[in-house]
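Me: Got a model open here and want to go through a few local features. Can you start with the term we need for the helix part?

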Amino acid sequence: MPSLSLDFYTHSVDDVARALIGVTLTVDGVGGIIVETEAYDAADPASHSFAGRTARNAAMFGPVGHAYVYRIYGLHHCLNIVCGTPGSAVLIRAIEPQYGVDSMLEPRGIARPLRELCAGPGRLCAALGIDMALDGASLDRPPFRLEDVDTVSDIIIGPRIGITKAADRPRRFGLRGSPCLSRPFPRSD
């Protein structure tokens, strides 16, 4: 499969968040299929960029196709992909582990069902070894590789989770039926 070009990330944050579902993400050859994302931009009160550029969120205002990595709760790292207009990024919430599963388990020293190994942004970053050293790194160069998909995924859309501001906005995207989501989507009957 071909790697995604930096042009892929020039579209709106919502379009990129949706298009990333089904894309393969690896870091040094370890990773899997992206099954859940969330979109954030500078006009969004839940976004780190809402109050403007700071030292912490500077990568969100940099070139598209670069990583914005931050720490949450002083413990976990979260991977975002800068895209669209300045201050826009897609949070990678979950992947389905496919490559290097044994190496994902080693540093964590815990036994987890495979479906939970990368279900959630903190778990995903721990499993792939993503930390602040990768903040601002280009996604079209090692250690990152993002590979395009041939088929369009069956995508479900719902409100974001883990936030208090603008939580009701339908900016969370997931692969319908994936057992590796961080949390189930609300039913929309």
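Reply: Buried means under 20% relative accessible area, and exposed means over 50%. Keep in mind that this is a predicted model.

Me: OK. How many residues of α3 are buried?

Reply: Six of the eight residues in α3 are buried, so by that cut-off the helix is mostly covered.

Me: Which ones are buried in α3?

Reply: P121, G122, L124, C125, A127 and L128.

Me: And what covers the buried residues of α3?

Reply: The cover includes the strands β1, β2, β4 (76-82) and β5 (89-99), along with the helix α2 (101-105).

Me: What follows α3?

Reply: G129 does, and its phi is positive, near 70 degrees.

Me: Which residues other than glycine have a positive phi?

Reply: Among them are D28, with a phi of about 55 degrees, and A166, with a phi near 55 degrees.

Me: Where is D28?

Reply: D28 sits in the loop between β1 (24-27) and β2 (30-40).

Me: Is D28 buried or exposed?

Reply: D28 counts as exposed because its relative accessibility is 63%, and the cut-off for exposed is over 50%.

Me: Where does A166 lie, then?

Reply: A166 is in the loop between β7 (155-158) and β8 (172-175).

Me: Buried or exposed, for A166?

Reply: A166 is buried, because its relative accessible area is 16% and the cut-off for buried is under 20%.

Me: Switching to peptide bonds. Which form does the bond from P142 to P143 take, cis or trans?

Reply: The bond from P142 to P143 is cis, with omega near 15 degrees.

Me: Where is P143 found?

Reply: P143 belongs to the loop that runs between α3 (121-128) and β6 (144-147).

Me: Last topic, S47. What is its place?

Reply: S47 is in the loop between β2 and β3 (67-72).

Me: Is S47 buried or exposed?

Reply: With a relative accessible area of 7%, S47 is buried.

Me: Which side chain does the S47 side chain make a polar contact with?

Reply: The side chain of S49, in a polar contact of 2.8 Å.

Me: What is S47 in contact with, leaving aside neighbours within four places in sequence?

Reply: With those neighbours left aside, S47 is in contact with Y40, D41, M60 and G87.

Me: Fine. Can you put the S47 part in one sentence for my notes?

Reply: S47 is a buried loop residue at 7% relative accessible area, its side chain has a 2.8 Å polar contact with that of S49, and its contacts beyond four places in sequence are Y40, D41, M60 and G87.

Note on methods: Residues are numbered from 1 along each chain as its sequence is written. This is a predicted model: local features need pLDDT of at least 70, side-chain atom pairs count only at pLDDT 80 or more; totals for chains, interfaces and linings use all residues. Side-chain values use heavy atoms; hydrogens and water are left out. Helices (H or I, at least four residues) and strands (E, at least two) are DSSP runs, numbered from the N terminus. Buried means under 20% relative accessible area, exposed over 50%, partly exposed in between (1.4 Å probe, protein chains only). Contact means heavy atoms within 4.5 Å. A polar contact is a pair of N or O atoms within 3.5 Å; within protein, one must be able to donate a hydrogen and the other to accept it, and residues adjacent in sequence count only if both atoms are side-chain atoms.
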